[in-house]
Amino acid sequence: MSDEQIPVRPSALADAGRPLGIRIAAIARRLAQLFEHVEAPEAGPERAPFLESVAQQYQADAAQREGGRGSEALIHLADAFGLTGLDRDVLVLAGLPEEHEGFCAVLRALHPRSEPRATTALAMRLFCPSFDDRRALTG
């Protein structure tokens, strides 16, 4: 297949170069906002400040280490599989418990069975805030 025949989805390339730390910081902030709206006794009021602290740490680290460049591994995955920005965010969300143990407690508090992982429903709530967004994604 020549380069001219390969379909290119512009959305897959829109933010491929976004640093991984910046992406993690953005997701941590979305989770913090979610905790402000969710009434879960096991969630505790300390989750939002923790998430904001982690977001600041990842953002500062990304600016210092990567100098504004994206994660090479994430860029390769995006290119190889034609991942959209939403796809990359869901991939990073799924990897958060492996990145920092604090995310395990956060995700456990939001999981219906208290498992330290994200659910599809959580991803939809974080990345597709309106019903129309969710409907467009699921067809």
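Figure 1. Pro116 is partly exposed, with a relative accessible area of 33% (buried means under 20%, exposed over 50%, and partly exposed in between, using a 1.4 Å probe and protein chains only). What you're looking at is a predicted model, where local features need pLDDT of at least 70 and side-chain atom pairs count only at pLDDT 80 or more, while totals for chains, interfaces and linings use all residues. Residues are numbered from 1 along each chain as its sequence is written, and side-chain values use heavy atoms, with hydrogens and water left out. Pro116 sits in the loop between helix 6 and helix 7 (helices are DSSP runs of H or I with at least four residues, strands are runs of E with at least two, and both are numbered from the N terminus). Setting aside residues up to four places away in sequence, Pro116 touches Pro97, Cys104, Leu107 and Arg108 (a contact means heavy atoms within 4.5 Å). Val106 is 10 residues away from Pro116 along the chain, and their C-alpha atoms are separated by 7.6 Å.

**Figure 2. Ser114, a residue with a positive phi.** Ser114 is also found in the loop between helix 6 and helix 7. Its phi is positive, about 60 degrees, even though Ser114 is not a glycine. With a relative accessible area of 42%, Ser114 counts as partly exposed.

**Figure 3. The whole protein, before zooming in again.** Of its 139 residues, 36% count as buried. Take the contacts between residues at least 6 apart in sequence: 70% of them join residues at least 24 apart. The accessible surface comes to about 8600 Å², with 53% belonging to carbon and sulfur atoms (areas come from the Shrake-Rupley method with a 1.4 Å probe, and for residues only the protein chains shown count as cover).

**Figure 4. Inside the largest nonpolar core.** This core has 25 residues, and the members touching the most others are Ile27, Leu31, Leu51, Leu93, Leu96, Phe103 and Leu126 (a nonpolar core is a set of buried Ala, Val, Leu, Ile, Met, Phe, Trp, Tyr and Cys residues joined through side-chain atoms within 4.5 Å). At least two residues of the core come from each of helix 2 (20–37), helix 3 (47–65), helix 5 (85–99), helix 6 (101–110) and helix 7 (120–127). Helix 2 gives the most, with 8 residues. Now find Phe103: apart from its neighbours within four places in sequence, Phe103 is in contact with Ile24, Ala28, Leu31, Leu51, Val54, Tyr58, Leu96 and Pro97.

**Figure 5. Helix 5 and its kink.** The 15 residues of helix 5, at 1.5 Å a residue, should span 21 Å, and this agrees with the 20 Å between its end C-alpha atoms (the expected span is 1.5 Å times one less than the number of residues). Shortly before the proline Pro97, there is a kink of about 30 degrees at Leu93 (the bend is the angle between axes fitted to the seven residues ending at a residue and the seven starting there). The buried residues of helix 5 are Gly85, Arg88, Asp89, Val92, Leu93, Leu96 and Pro97.

**Figure 6. Asp89 and its polar partner.** Asp89 belongs to helix 5 and is buried, with a relative accessible area of 10%. Its side chain makes a polar contact with the side chain of Arg23, at 2.7 Å (a polar contact is a pair of N or O atoms within 3.5 Å; within protein, one must be able to donate a hydrogen and the other to accept it, and residues adjacent in sequence count only if both atoms are side-chain atoms). Leaving out neighbours within four places in sequence, Asp89 is in contact with Arg18, Arg23, Ile27 and Phe127.

Figure 7. Phe127 is part of helix 7 and is buried, with a relative accessible area of 12%. Beyond neighbours within four places in sequence, Phe127 is in contact with Ile27, Arg30, Leu86, Asp89, Val90 and Leu93. Leu86 is 41 residues from Phe127 in sequence, with 7.0 Å from C-alpha to C-alpha.

**Figure 8. Glu36, out in the open.** Glu36 is in helix 2 and is exposed, with a relative accessible area of 59%. Glu36 and Arg47 are 11 residues apart in sequence, and 9.1 Å apart in space from C-alpha to C-alpha.
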